[in-house]
Amino acid sequence: MDSNYSMDVDDLFGDSEHVNLQNITTVPPVKGLARRVDELGASGCCQKITWSKNGCVAYITPDGAEVHLKVFSRDTETGKWDLGKDVTLDIPQGREHFPFVHLSWSHLGNDLVVVDAAGRVLNFSCAMALDRMPYIKAESAHPEADADGVVGLHWLAIYPYEQKNHIAWSAERDGEKWKWNIRSHVFHDAHHPIPSKASLVYLKRHGELVLRFQQNDNAWQETSTQLGPMISTQESFTHAAFASNNDDTLFMAAYDVKRRLQFYRIEIAWQIPQEKQSQNAGHFDKPGLQVSLIADEEDCGPLHMINGDIDGSAEVKGIAPAQLTHLSFLPVTPDQSDGSLPTIQAIYCKPPNLVSVDHMQPQETPHSVIVKWEVQQLQQNQLHPSLDQVTSKKKAIGSVTARTVFKLSRVADYSMHAVVLSCIPVWYHMLFAFHYSDGTIEFRKRSTMEILHNDGNTDTVTSLYQAGFAFPHSEPSLHMALSPNFCISACMQQDSTIRLRSLEYQRNTLPITDSDPRNSAALAALVLQSASSANQYFSSDDIFSIMPPLSPSLTRSFTTLLFEALQVNIDCGVDDMNNNYLMLLGRSPFFVKTLSAMNLLGLKSSTDRDLSSKMAWIVLNIKYVTQILTSITRMHGHIDKTLLRPEVVPQFIGICRWIMHFIAYLTDALFALGRLVESLPSPLTATALTALFERENNPAILLLLSAFPRHMMKLWSQPLAWVKRSAENFTNAAGPVQSPEVRKLYAPLAAALSEIPFDWRWFERLVSETHESSRALYKQANLGDSARNSVERDLLMGKLPDVYTPLATQLLTTKLWDSEAPGGCLADKLDAGRLMFFDTTWLGFTHSRRGDEWHATHVVDVCQKMVIRGRGTVEHPVTSATQGRGRSDSSVSVNGAKEEKKKQLRRCVRCGSYMEDVTVNQPGYAPHHINWLMGIAKHCVCGNSWILAPEKARAK
């Protein structure tokens, strides 16, 4: 060979690009694929696994006989997130058994419908815990016929939750900060007119359209109509899909066995007068259903393109043999720039070619083809233009009001690389999640079908996938469900084995260097998804489950970004005209979500948190107890003229005891810091004090200086004095003579208010003085609203701002020890030694070996603020003054068997806190107490859901 001859081996075949071997690796077909494709082709309702928006997975067992629930929760010992144990749904007995074929959660995740092969739809509703979903009987429109399966099902919107959303579009880097593009959008989807009530519509195989809805008392009822004359078996429907027309009406697409597609418009005539919207007003009349056939399409399969002769003659078009596997109706998106229209999307599975047209081409493998029709809305005049030539008419044809007509317009088919087993529209129907037969899970834009992947842009972030998160390749599975924020997929095989696949950051670890712009972009993407989740009332646990351990600086960055993205303002002003603290005290879900995130990011165990996490956890508890204290106080009207009513005493005991013990804890923590600052160099600096607070994990000064918790503690004074006066009135021997029952009721309350070893009013005075001094410092520094908000965020995250250094120094020196100061010092007013030995371990704010042992052998109810397991367990006082009639300590199961009530615990899926599982007829609880508790304890103090939990092994 000529030595001068050279060849570019990389460009031998005209392509010098790097080849990704993963993409061309042959993947063996998943076991059971052909059978699954046949199931998808036989019915549009065959979803075997689904993940609710509040974090619960439901799936059908392989034999179709049972439905199991698995709740996604955090292990309190390891800190790992995973699906919990199987819990079987309690199916009503006495019904003829048909295998279950389909599952669907309501939009908010509180309701689940289970469909069997005979077309019967069963309702289950969440009862205080995600894994407890009792069967709720629905009043059927008429006796259900056998062998009339459901082919399409759709949940209507729930107002007001799905009416107005703040959509998190993107985040853009602005120097060291990020700007959040979050805009409001109002939806006009078909919905139940009574707020918070659910409804769904479904189509049966032979043309019966059913609307199932909740009455004002939450009972389920149905109304139905027939699409036309009874449809024969030869023309029965196989698939149906629904979408809102953005005008409170519904579109429906129905596909039949003759490969015809029919397009309908559905109008629901709700007739609910205002007086019928309350729960006790009696049932409203059933709504009417009006269905109009708008268009139909024949031979709807994918177009088969066969190349013509070599001379370039025209292509021959025909319908390729293919099987419909998915039918979707996609509404208009809120993105005004994508020009979207209501779109019918049909996904067909094409089998391999048995006879290849071109033997030079490789054998075609099974794959899916997407076929779409856009719904175009036109204005059409009903009269022909030629009528203008009629001389006797008085009006021009153009003056006659045009009517709206709808037209189906087919767009180009789109071929996929493998068989699509799941197609899930996500993020307001603007993205698709595709799950393929080769194990791939990918996300595509609806408008362009472009695959979302890391584009390297670190200045603008639009999604987790664009910022570098992706699902790693894994073994194929037949069934797949996505978590609320699409961060995790639950992949299920034929034998119902479920394996979780999580999004992974493609750079393996997030905190390589804190200053890396890619890390900042990834954090911004996580916050953007968290903001989107919060605005849609979704659980965000799956987002935190994919977050790697963050460095302290990245944790701080994430928290700051979350405050900004959710627009949480915690500045409480400098005068009494500002009532933002009342806004934060009331319905402030974003504030709770931010505090909950802070608590989680520094949570190691029930007693071990870093300083920022401890601050967040304490503030959450302060907010919770203040809500209860102030609401019950307001309920009594003029408290200077009334006493605490007996029926609310039991639920007040734990709350008041927690407040008093917290006052002792905070005062003792303040003295502990006061002793330690004596060893610090003078003058004290913000940096030195911040380091001291962090080293000792002591939040006392930060809590006193932070505006919101300080406002809350200031609100305690008047109600506590009133409750103490009420308790003493009924228990004091020198007061009016009371019956033993009344004394028994109020005695625990009086004890709870007098346990701490000093007069709590000295603490109230300290809070009031600190309140005035902190406002004065803000005024003196002339800080604006934004600057004060930043200072307040710093305090919650464990950092002492420079502006508060003089006041922090005064609190730790003069206020504690200087007897010559005006008003004296705190050390002269109480016994610091007694305070030091006063036991507040049960609060869970002190990390020590003794504290860990105590909490391992006890259970504290985080909502009732009382010890419910272990030595020193507290029981509620129940007397004839609080006990209603007809209470029984047993209950009746769904199958009619009487069951004795047993104690049961609930546990928070995120923070792991416990509470007693209090349900109707709970022993030791009065009916009024139960009703109150079921209202205030629907969620944990941290705002997250409950799961039923086993008893602690050592807490007896």
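Buried, as used in these legends, means under 20% relative accessible area, with exposed over 50% and partly exposed in between (1.4 Å probe, protein chains only). The views show a predicted model, in which local features need pLDDT of at least 70, side-chain atom pairs count only at pLDDT 80 or more, and totals for chains, interfaces and linings use all residues. Residues are numbered from 1 along each chain as its sequence is written, and side-chain values use heavy atoms, with hydrogens and water left out.

**View A. Glu39 and Lys48 join in a salt bridge.** Here a salt bridge is a side-chain nitrogen of Lys or Arg within 4 Å of a carboxyl oxygen of Asp or Glu. The N to O distance in this pair is 3.6 Å. Lys48 counts as buried at 15% relative accessibility, while Glu39 is partly exposed at 23%.

**View B. Asp256 and Arg260 belong to a salt-bridge network.** Glu235 and Lys258 are the other members you will find linked here. Between Asp256 and Arg260, the closest N and O atoms are 2.8 Å apart. Both Asp256 and Arg260 are buried.

**View C. Glu853 meets Arg954 in a salt bridge.** The N to O distance is 2.3 Å. Glu853 sits in helix H20 (residues 849-856) and Arg954 in the segment after strand S43 (946-949), so the pair ties together parts that are 101 residues apart in sequence. Helices (H or I, at least four residues) and strands (E, at least two) are DSSP runs, numbered from the N terminus. Both ends of the pair are partly exposed, Glu853 at 39% relative accessible area and Arg954 at 47%.

**View D. Strand S29 (residues 431-436) has six of its six residues buried.** Leu431, Ala433 and His435 cover one side, with Phe432, Phe434 and Tyr436 on the other. Strand S28 (residues 420-426) pairs with S29 in the antiparallel sense over six bridges; two strands pair if DSSP finds at least two bridges between them. Look for Cys423 opposite Phe434. Four residues separate S28 and S29 in their hairpin, and Trp427 in the turn has a positive phi of about 50°.

His435 has Ile441 as its bridge partner, and Gly439 in the turn has a positive phi of about 95°.

**View E. Strands S33 and S34 form a hairpin with five residues between them.** His479 and Ala481 point one way from S33 (residues 479-482), Met480 and Leu482 the other way, and all are buried. Four bridges pair S33 with S34 (residues 488-492) in the antiparallel sense, with Ala490 as the partner of Ala481.
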